[in-house]
Amino acid sequence: MANKLKLAIYWAAACGGCDVAILDTDEKILNIAEAADIVLWPIAMDFKYEDLYKMEPGSIDVCLYNGAVRTSEQEELARALRDRSNVMVAFGACASWGGIPGLANLVTREEIFNTVYKETVTTINEDDIRPATNYQGSHGELHLPKIYDRVWSLDQVVDVDYYVPGCPPTPETIWTAVEAIVTGNLPPKGSVIGGTKSLCDTCEREKTEKKITQFKRPFEIIADPKKCLLEQGLVCCGPVTRDGCGHRCTNNNMPCRGCYGPSEKVNDQGARLLNAIASIMDVKDEKSAAELAATWEDPAGTAYRFGLPKSLIFDYKKGGK
Amino acid sequence: MSENFEPKILGILCNWCSYAGADLAGTSRLKYPANIRIVRVMCSGRVEPTLILKAFQEGADGVLVSGCHPGDCHYVDGNIKTLRRTPLISRLLTQIGIEPERFKQVWVSASEGEKFGKIVEQMVEDIKKIGPYQKKTGDALDTVAHEVYQSTKEVAATGEEGGSHCG
């Protein structure tokens with residue numbers, strides 16, 4: 001019992017899919033339970049933050065932190081867990097690069113509040129009540145977490161040892177990570193648990209000379225299951241995305257969404273994807289280039305679907321403390 | 001916005017046409033704003049979007065990319081790659097909240113020194129109107145950090161109190 005691994009699992013700005021993915025390891029979850037003592041896992045068990053605060057620094061062996069950092073509560077927990085954990089793992093795309101919640105950086109906090117608390121037709125909010133950090137209730141004053149201006153990835157807030165990519169990470173990836181931790185056979189700090197090549201590199205679809213004459217969205221066509229998806233006009237993030245996911249999307253005739261993050265030599269997934277796409281656009285003059293580019297519905301949302309907070313424009317260390 | 005804001009503009013110019021054009025502006029002793037910092041590259045076609053984003057991350061207020069006119073490329077079709085990228089980059093920057101005035105892609109030949117000066121002048125004027133580029137670092141960090149620090153101190157204080165009484 002004393003030798004058991006002390007494991008903390010925390011969720012922040014995430015959908016909960018990462019927690020479910022841990023359960024998705026099927027019967028292997030029993031091995032995890034055998035090897036580890038869970039000291040914090042809000043989605044599955046009842047723990048209080050107080051208990052966490054009472055723990056000594058270094059008393060947690062591994063913390064799997066999933067979700068991006070959007071509120072002061074999430075930041076505080078990230079810092080508290082970092083102080084007490086020997087190994088901090090950014091678990092899933094949101095913790096690693098901001099993920100889907102990170103797309104909120106495309107707009108300001110005020111715009112989001114306006115949409116949610118004012119402009120949607122089903123909202124009735126005559127007093128214009130907005131989220132506040134203090135609330136005077138009948139039983140005293142309540143303190144609530146502050147919502148930050150923008151979304152942060154975990155490594156912009158605290159030091160991160162390993163990244164487990166994916167939305168959610170596949171059971172195979174999770175198992176590789178758990179096995180490495182349990183056996184103590186750890187890769188160098190800062191490693192991403194996944195492949196080293198790009199998804200295109202290991203993709204078995206037939207590739208000929210690539211040319212895009214019109215951008216299409218997945219619902220508009222039924223893609224040829226043998227041919228490269230880019231050649232068919234679908235924006236596939238394969239050229240810039242890390243492999244290791246088992247090609248789940250492309251095997252099911254859907255373009256890669258980029259959830260395994262930038263591949264080894266790519267530092268800005270979106271910008272590099274833009275570059276790759278531009279190089280295969282079948283145009284030779286400015287006018288037709290502008291026309292063709294306009295048929296791509298949402299370049300930022302597609303190129304940075306999982307990594308906006310870690311794009312160069314947003315990649316700053318969060319100060320404070 | 002301060003009255004005497006002087007924007008920093010990064011100019012990425014191709015070796016064969018635009019850099020020579022800028023050089024001509026210099027040797028002809030044309031006057032144009034000194035706000036532009038020029039980096040020479042072999043071809044505008046090698047200016048990938050990452051470089052433009054990096055410039056903004058480092059605090060540039062604007063980025064100007066300039067190459068040979070289409071058809072005049074030293075490498076035949078290097079600037080065709082540039083013209084394909086430009087509309088995508090413009091849309092991406094607008095979407096992520098960088099004003100369109102801050103990124104410009106133009107064609108300047110080796111004989112167009114005057115044109116180059118005018119382009120820079122216009123760009124400086126446009127950027128002065130919209131003000132300095134705000135790095136996307138979110139909240140005023142000090143105030144947030146202070147608030148968080150205060151709330152953790154409250155939690156810690158109540159926790160300790162409970163503990164000592166029990167003991």
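1. A word on pairing before we start: two strands count as paired if DSSP finds at least two bridges between them. With that in hand, look at Ser66(B), which stands opposite Val106(B) in β4(B). Strand β3 of chain B, residues 62-67, is joined to β4(B) by 5 bridges, and the two run parallel. Keep in mind throughout that this is a predicted model.

2. Now step back to the whole sheet. What is the order of its strands? Reading across, you get β2-β1-β3-β4 of chain B, an open sheet of 4 strands with parallel pairing. At the edges sit β2 (36-41) and β4 (103-107) of chain B, each pairing on one side only. On average, neighbouring strands in this sheet are turned by 20° against each other, if you ignore direction.

3. Two helices to look at against that sheet are α3(B) and α4(B). Helix α3(B) packs on the sheet, where it touches β3 and β4 of chain B, and its direction makes about 160° with that of β4(B). Helix α4 of chain B, residues 113-130, lies across β1 (9-14), β2, β3 and β4 of chain B, and runs at about 160° to β3(B).

4. The chain has 5 helices and 4 strands, and from the N terminus its elements run β-α-β-α-β-α-β-α-α. Of its 167 residues, 41% count as buried. If you take the contacts in chain B with a separation of 6 or more, residues 24 or more positions apart account for 82% of them.

5. Next, have a look at helix α1 of chain B, residues 18-27. Its axis and that of α4(B) come within 7 Å and cross at roughly 90°, which makes α1(B) roughly perpendicular to α4(B). Where they meet, Gly21(B), Ala22(B), Leu24(B) and Ala25(B) come from α1(B), while Gly113(B), Glu114(B), Phe116(B) and Gly117(B) come from α4(B). By type, the residues of this contact are 4 nonpolar, 3 polar and 1 charged.

6. Is α1(B) enclosed or open? It is largely enclosed by the rest of the structure, because 7 of its 10 residues are buried. Those buried residues are Ser18(B), Tyr19(B), Ala20(B), Gly21(B), Ala22(B), Leu24(B) and Ala25(B). They pack against β1, β2, β3 and α4 of chain B. After the helix comes Arg29(B), which has a positive phi, near 55°.

7. On to where the chains touch. The contact takes 35 residues from chain B and 41 residues from chain A. On the chain B side, α2 (49-57), α3 (78-95) and α5 (141-166) each supply at least two residues. Which of the elements gives the most to that side? That would be α3(B), with 11 residues. The side of chain B that touches chain A divides into 17 nonpolar, 8 polar and 10 charged residues.

8. The nonpolar cores are worth a look too. The largest has 75 residues, and those with the most contacts inside it are Leu274(A), Ile277(A) and Leu92(B). Leaving aside neighbours within four places in sequence, Ile277(A) is in contact with Val235(A) and Leu88(B). Another core, of 55 residues, lies apart from the 75-residue one; Tyr65(A), Val151(A), Ala177(A) and Val192(A) are among its members.

9. Gly97(B) has its place in the loop between α3 and β4 of chain B. It counts as partly exposed because it has 15 C-beta neighbours inside 10 Å, and a residue needs 20 or more to be buried. Its C-alpha atom and that of Lys136(B), 39 residues away along the chain, are separated by 9.2 Å.

10. The other one, Ser263(A), is in the loop between α9 (248-251) and α10 (269-279) of chain A. Buried or exposed? Ser263(A) is buried, with 24 other C-beta atoms within 10 Å. Gly194(A) is 69 residues apart from Ser263(A) in sequence, and 9.4 Å apart from it in space, C-alpha to C-alpha. If you leave aside neighbours within four places in sequence, the contacts of Ser263(A) are Lys197(A), Ser198(A), Val240(A), Thr241(A) and Arg242(A).

Notes. Residues are numbered from 1 along each chain as its sequence is written. Chains are lettered from A and ligands numbered from 1 in the order in which they are written. This is a predicted model: local features need pLDDT of at least 70, side-chain atom pairs count only at pLDDT 80 or more; totals for chains, interfaces and linings use all residues. Two residues are in contact if their C-beta atoms, placed from the backbone, lie within 7 Å. Ala, Val, Leu, Ile, Met, Phe, Trp, Tyr, Cys and Pro count as nonpolar, Asp, Glu, Lys and Arg as charged, and the others, Gly among them, as polar. A nonpolar core is a set of buried Ala, Val, Leu, Ile, Met, Phe, Trp, Tyr and Cys residues joined through C-beta atoms within 7 Å. A residue is buried if 20 or more other C-beta atoms lie within 10 Å of its own, exposed if 12 or fewer, and partly exposed in between; C-beta atoms are placed from the backbone. Axes are lines fitted to C-alpha atoms, for helices over the stretch in contact, and angles run from 0 to 180 degrees between N-to-C directions. Angles under 35 degrees count as roughly parallel, over 145 as roughly antiparallel, 65 to 115 as roughly perpendicular and the rest as oblique.
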